[in-house]
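Here's a quick tour of a protein model for someone meeting it for the first time. Have a look at it, then read on.

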Protein chains: 2
Amino acid sequence: MARGGARLTGDEFNSLPVAVDAMGGDRAPGEIVAGALEVAAKTDIKVVLVGPPGDMGDIGDLPFLPAHEVIGMDDDPGQGVRRKKDSTLVRAAEAVRDGKAMAMVSAGNTGAAMASALLRMGRLPSVIRPAIATPIPNLQRSWPTVLLDSGANAECTPPMLVQFAQMGAAFARKRYAVDMPRVALLSIGEEKSKGSPLVKETHALLEAGGADSGFDFVGNVEGRDFFEPTIDVIVTDGFTGNVALKTLEGSLRFLIGAVTEILARPELKQAADDLYPHLLPLAAPLDPENTGGAMLLGVNGVCVISHGSSSSVAIVNAITVAHDVAVAGLVDAVAASVTTMPAGD
Amino acid sequence: MARGGARLTGDEFNSLPVAVDAMGGDRAPGEIVAGALEVAAKTDIKVVLVGPPGDMGDIGDLPFLPAHEVIGMDDDPGQGVRRKKDSTLVRAAEAVRDGKAMAMVSAGNTGAAMASALLRMGRLPSVIRPAIATPIPNLQRSWPTVLLDSGANAECTPPMLVQFAQMGAAFARKRYAVDMPRVALLSIGEEKSKGSPLVKETHALLEAGGADSGFDFVGNVEGRDFFEPTIDVIVTDGFTGNVALKTLEGSLRFLIGAVTEILARPELKQAADDLYPHLLPLAAPLDPENTGGAMLLGVNGVCVISHGSSSSVAIVNAITVAHDVAVAGLVDAVAASVTTMPAGD
């Protein structure tokens, strides 16, 4: 199997660098390079930048892989990957494929990062479609809830959703050490009779999955349940998942913005000074900068997709997460979790 | 046309009461009756309670229509309406159908309220499926954004979504006096190439709708755009709409709860006292109690569905809204807005 770096021994693989797309994101290359430099300075994790030599600014002693094109945030992902064969994203994915990097990290065009990983690393055996897994912070425990698919596949079938459950559970196990992840299906009512035909059929398949599935299927949940501490993985199609994720992020941002505006009023200076030390521990876990980014599951290598607005802090987290799951064997775990549906697709 | 009360003259219709389901909601009958009594005492709006005589508590001088059964929050909507022909919901819908009430209001089982209205009042001509329209508060202007369908139809076709756009625009015009509503389609990217097949086909139909549609189609929006002041109506299928609405409500509730908990800390007493007068004007419009409830559009009568946890305040608002849109001719406006799709369905 040509799994990224898998032809290497464990020690060889573990000494590979994480490939970082130096040109991806609204604040590239400055914040990206700063994050990579910080990781190199403060940890044992190796980093290789992927970008146009000379256009990345001061990269210090960091090694780099040359790539002379950039797929922009507004470029069509498929066309971008097909036409820009020397782009940072394509070269980063090739580095993983060729055993030159243990993982790739990008804050660039999400669709293009996905397409690069899919086309260059390839799908894992039996995987119908890769999915994007996004951590939703949970304030009542130390690990987040994993939402997938949060945007890779606008149209899904029940067997795809069953595989998302399997891959999401494998991810929760490897990334957050949740032994028996509780997996829920996003719907519009808790009863199994509720929902779209896709949800009802998936519910039946997951219920029939049995005890050896490696996760605990806990039934349907609703949009209001994203912050419940009793769920580890929430499965849905990429259209619903993307709408829900952006609604959640937008609602939190809206309210945080409104409260921040109030706290900036001159007559509330003292109250704000008293309050901020208490608010920060609440705000920190909700900040996408701190979650380490989303993860593309189902491809033959580790691919972390960080927020487009990522600062160096987000990049440090993304590189660390990419390294940790790569070393922990996430790709093998995902590959082992996926079964071919008896119903086919 | 047997439109609810439409056989009556304008004056006769305008003097009809609003039928209120006395037994619907978690806090029925107490809070429901209290709300009805308050409306009767403080406004010119007439109210008729629908419920089991003797089981509604002290209803003062309020008139009532007897109904001896209740469809519970967990009852199957279709079965409930078919089997409980003497239920408060069915009787309320019949009152509108028979010209005994100008509108109905319920805080009970949403699906059963919908089924009662649909089966007893009937669909408006040409309407493929009724939809639930829910107001999303907007802090930057005086009127909310209307989301539909927020849960009536888990499965939709492009012609249905086009009609939701037409009905939502008619509602925004009648209820919020928005002359030329800006209607957007909920998707996972602003480009028309993005989204599910349903969204792409609907986009094409709405774009082809032309200038005489009575609304301004502004293209796709994403989950993060619910609080944008540049959109009046957001159209989606009932599955996505329900997930998005509950995600939005759940996210706001989660954050409001977390901040409230912080403000309750003893060492923050002074800061909280200073802050609350500033926070309340933010919280009030976000409170579902104040929005007047969701509206079922496409049936032959006015049907307002209030939150299950409605207090008397929510019921006062719901009755007032039901009265106002009934008198304003909402049903005629919705009927006039709906066209049969050339593509059929």
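## Finding Ala328(B)

In which loop of chain B is the place of Ala328(B)? Ala328(B) sits between helix 10 (312–327) and helix 11 (330–337) of chain B; helices here are DSSP runs of H or I, at least four residues, numbered from the N terminus. Ala328(B) is partly exposed, with a relative accessible area of 31% (buried is under 20%, exposed over 50%, partly exposed in between; 1.4 Å probe, protein chains only).

This is a predicted model, where local features need pLDDT of at least 70, side-chain atom pairs count only at pLDDT 80 or more, and totals for chains, interfaces and linings use all residues. Residues are numbered from 1 along each chain as written, chains are lettered from A and ligands numbered from 1 in written order, and side-chain values use heavy atoms, leaving out hydrogens and water.

## Two copies

## Where they meet

In all, 44 residues of chain B are in contact with 44 residues of chain A (heavy atoms within 4.5 Å). The copies meet through the same surface, because 100% of chain B's interface residues are also interface residues in chain A.

There are two salt bridges between the chains (a side-chain nitrogen of Lys or Arg within 4 Å of a carboxyl oxygen of Asp or Glu). Lys246(A) and Glu222(B) meet in a salt bridge at 2.2 Å, N to O.

Definitions and conventions:
Helix = DSSP H or I, 4+ residues; strand = E, 2+ residues; numbered from the N terminus.
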